[in-house]
Every structure is written in structure tokens, then in C-alpha cells.
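Hi,

Here is the structure I promised to pass on. Have a look at it first, and then read my notes below.

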Amino acid sequence: MITKVLKPNHCFVYGTLMAPEVLTTLIDRVPDNIAPAFLPPEYSRHPVIGQVYPGVTAAREDKVKQPTISSCEQENPYYLEIWNDVKSSCVSGVLLSGLNDRELKVLDWFEDVDYTRTTIPVLLDKDGILEKIDADVYIWSAGEELLNLDSPWDYNVFRAEQLTDYLKLTVVPCRMECDRLFR
């Protein structure tokens, strides 16, 4: 069964913003969140070439897992089996909620011009019941030629090998600039 809930202050994050340390540095808190949350299988996550962060784009047609999430409607008696098969190919992340306008402004600044904040449905798996929530997602808009489309991005590798330098070299300077701009 899929239910639809509209929450305009939800933001699905799928890359470096999944790290509590990054959120705390940027906005002084970790918002309420639900994990795992999933983008529909029509989206894919890939590393940005030469960077430690990913971008999400519409998946290439040959890479979209069939059947798509529309097959997971309650009327289909096999929806849970289909969802369990499909979700392994979905972009997983964290659904943040309760963000205020200033926090969204900071996240917009942090994501910069390479991403466009777009509202799309995000899927939550609550004990076998799918919930669809419209949420803001930062979609990569700087061009697929800047993504390594043959590779997935790995959050655990980012945490283990790159988080400390990323905080020091990218997140802290961004926070300082946001404090100056958004007093």
C-alpha cells in the first residue's frame, strides 16, 4: 500500500549531507530524519569526477530497474515482493524534516549552482508499507559529463576516508561564508 503525504519542509539528502557532522557544522543541528528513504528507481547516484561528493540524475533508461515503483501499488497483490526487488536499485538516503527557511537557504548555498532543488516523491518503507512523501531533492544540473556514470558513490567510503578533510576544507569555509551572508 502506498499512501501520499505532502510535507513542504522535507528534504531528501543522499550524499555528504547524510553525515550528521556536515549538518551540524552547516546548520547547528541534525534535523528530525527518517532513514533509509529512497528515490524512485528512475534516479541514480554517481560520484562527481574529481570530488568526494555525488550527484543524482535521471537514470539512463537501460539502467532503470523494471518494474518501476508504480507496480508497487496496493492493488497489486505482489507489491511488497516487487518493492523488495526494486529498492536495491534505488538511491538510498535520509529524509530530513522540520527545516526552516534559513536552513534551506544555507543548504541551497552549500549545494551551489551545480544542483537544482526539485520536489519529487520520496519513498519510505515502514515495515512493508510504502509511504510516498514529496520532498525537496538536490538534483545534479551541471551536466552528466562531470559524473562518473559507470560507478556508484559509496557513503561508507566517504565517511571512513574523506569526511575529516571535507569538513575542514569545504564545510567549515562554507559555514563561515553563510554566517557572513545570512546574518
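What follows is a quick tour of the aromatic pairs, one serine and the salt bridges.

One thing to keep in mind: this is a predicted model.

Let's start with the aromatics. The count comes to 8 aromatic pairs. Take Trp109 and Phe182: their ring centres are 6.4 Å apart and the planes sit at 85°, so this pair is edge-to-face, the cut-off for that being over 60 degrees. Trp109 belongs to helix 3 (residues 101-111), while Phe182 is in the segment after helix 4 (155-181), so the pair links parts of the chain 73 residues apart. Trp109 is partly exposed, at 38% relative accessible area, whereas Phe182 counts as buried at 18%.

Another pair to look up is Phe110 with Tyr166. Their ring centres are also 6.4 Å apart, with the planes at 75°, which makes this one edge-to-face too. Phe110 comes from helix 3 and Tyr166 from helix 4, so parts 56 residues apart in sequence are tied together here. Both Phe110 and Tyr166 are buried. They also belong to an aromatic cluster, together with Trp153, Tyr155 and Phe158.

Next, Ser44. You'll find Ser44 in strand 3 (residues 43-47), and it is buried, with a relative accessible area of 17%. Its side chain makes a polar contact of 2.9 Å with the side chain of His46. Leaving aside residues up to four places away in sequence, Ser44 touches Gly55, Val56, Thr57, Ala58, Ala59 and Val91.

Now the salt bridges. How many turn up in the whole structure? The search finds 9 salt bridges. One of them joins Asp179 and Arg102, with the closest N and O atoms 3.5 Å apart. Asp179 is in helix 4 and Arg102 in helix 3, so this bridge ties together parts 77 residues apart in sequence. Asp179 is partly exposed at 32%, and Arg102 is partly exposed at 36%. These two are also part of a salt-bridge network with Asp28 and Arg175.

Arg117 and Asp136 form another bridge, the closest N and O atoms being 3.0 Å apart. Arg117 lies in strand 6 (residues 115-126) and Asp136 in strand 7 (residues 129-140), so the bridge connects parts 19 residues apart in sequence. Arg117 is partly exposed, at 34%, but Asp136 is buried, at 9%.

Finally, Glu177 and Arg180 form a salt bridge with their closest N and O atoms 2.5 Å apart. Being 3 residues apart in helix 4, they are separated by about one helical turn.

Cheers

How values were computed: Residues numbered from 1 in each chain as written. Predicted model: local features only at pLDDT ≥ 70, side-chain atom pairs only at ≥ 80, totals over all residues. Heavy atoms only, no water. Phe/Tyr/Trp six-rings, centres within 6.5 Å; stacked < 30°, edge-to-face > 60°. Helix = DSSP H or I, 4+ residues; strand = E, 2+ residues; numbered from the N terminus. Buried < 20%, exposed > 50% of the residue type's maximum accessible area, 1.4 Å probe, protein only. Polar contact = N/O pair within 3.5 Å; in protein donor to acceptor, adjacent residues only side chain to side chain. Contact = heavy atoms within 4.5 Å. Salt bridge = Lys/Arg side-chain N within 4 Å of Asp/Glu carboxyl O.
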